[in-house]
Amino acid sequence: MSVQSVAIPANFNGAKPVIDPDNVAMLLIDHQSGLFQTVHDMPFTTLRMLASTLAKIASLAKIPVITTASVPQGPNGPLIPEIHQNAPHAKYIARKGEINAWDNPEFVQAVKETGKKQLIIAGTITSVCMAFPSIAAVADGYQVFAVIDASGTYSKMAEEITLARMMQAGVVPIDTAAVASELQKTWNREDAAEWAQAYTGIFPNYQLLIESYAKAQEVIQNHEVLDSQRA
């Protein structure tokens with residue numbers, strides 16, 4: 001593979017392509033009940049949980065969130081309610097039928113008004129609702145991180161083709177866990193327990209670790225006698 005064939009993240013100008021929590025906004029595009037019925041590259045329940053968790057992460061990180069939907073009064077259906085429940089500060093932009101959210105002037109203006117130069121983008125369908133605005137935003141000078149596992153599409157082939165296309169355009173692919181970790185930065189923070197709980201939306205089994213740790217701490221604090229040591 002030649003150097004020229006390696007995809008280079010766009011607009012970073014030699015800087016590390018990592019998320020800056022102080023310079024990023026999140027765009028959650030078209031996570032709608034009707035569109036979720038077309039998703040076949042992952043269980044739609046997983047997609048729903050990860051998209052909802054992204055909204056929660058944005059709230060914990062105190063970063064701007066912009067949402068939008070494609071004809072939500074039609075067959076594409078309404079946005080899943082968890083997104084605005086988990087990110088009550090999110091700003092919803094109604095579109096006038098544009099398939100590419102970046103073709104809607106109000107949406108682009110809302111992004112500009114955040115003052116952020118990095119964008120975390122997830123959307124359904126991956127190859128359209130997420131890819132189109134991601135590529136357009138890169139062309140407009142933004143540093144874009146596309147959250148692949150919080151976006152869904154109709155086949156694994158479509159996901160793979162879209163991933164290749166976006167990388168050629170300079171979009172940085174990422175997953176929900178990496179987004180959380182780059183925004184969180186450290187466990188040495190007062191809200192660490194809330195972040196730990198957010199990870200259970202990414203790794204459901206992580207809840208078992210939390211419960212085991214909490215019980216171990218309870219045993220120590222309460223000087224609890226172990227069952228194996230009872231008379």
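Trainee: How many helices and strands are there in the protein chain?

Mentor: The protein chain has 9 helices and 6 strands, where helices (H or I, at least four residues) and strands (E, at least two) are DSSP runs, numbered from the N terminus. This is a predicted model, in which local features need pLDDT of at least 70, side-chain atom pairs count only at pLDDT 80 or more, and totals for chains, interfaces and linings use all residues. Residues are numbered from 1 along each chain as its sequence is written, and side-chain values use heavy atoms, with hydrogens and water left out.

Trainee: Which residues of helix 7 are called buried?

Mentor: Buried means under 20% relative accessible area, exposed over 50%, and partly exposed in between (1.4 Å probe, protein chains only). In helix 7, residues 176-184, the buried ones are Thr176, Ala177, Val179, Ala180, Leu183 and Gln184.

Trainee: What puts them on the same side of helix 7?

Mentor: They cover an arc of only 160° around the axis, and therefore lie on the same side of helix 7; the arc is that of the directions from the helix axis to the C-beta atoms.

Trainee: What covers the buried residues of helix 7?

Mentor: Their cover includes strand 1 (24-29), helix 2 (44-61), strand 4 (118-123), strand 5 (143-147), strand 6 (172-174) and helix 8 (192-199), where contact means heavy atoms within 4.5 Å.
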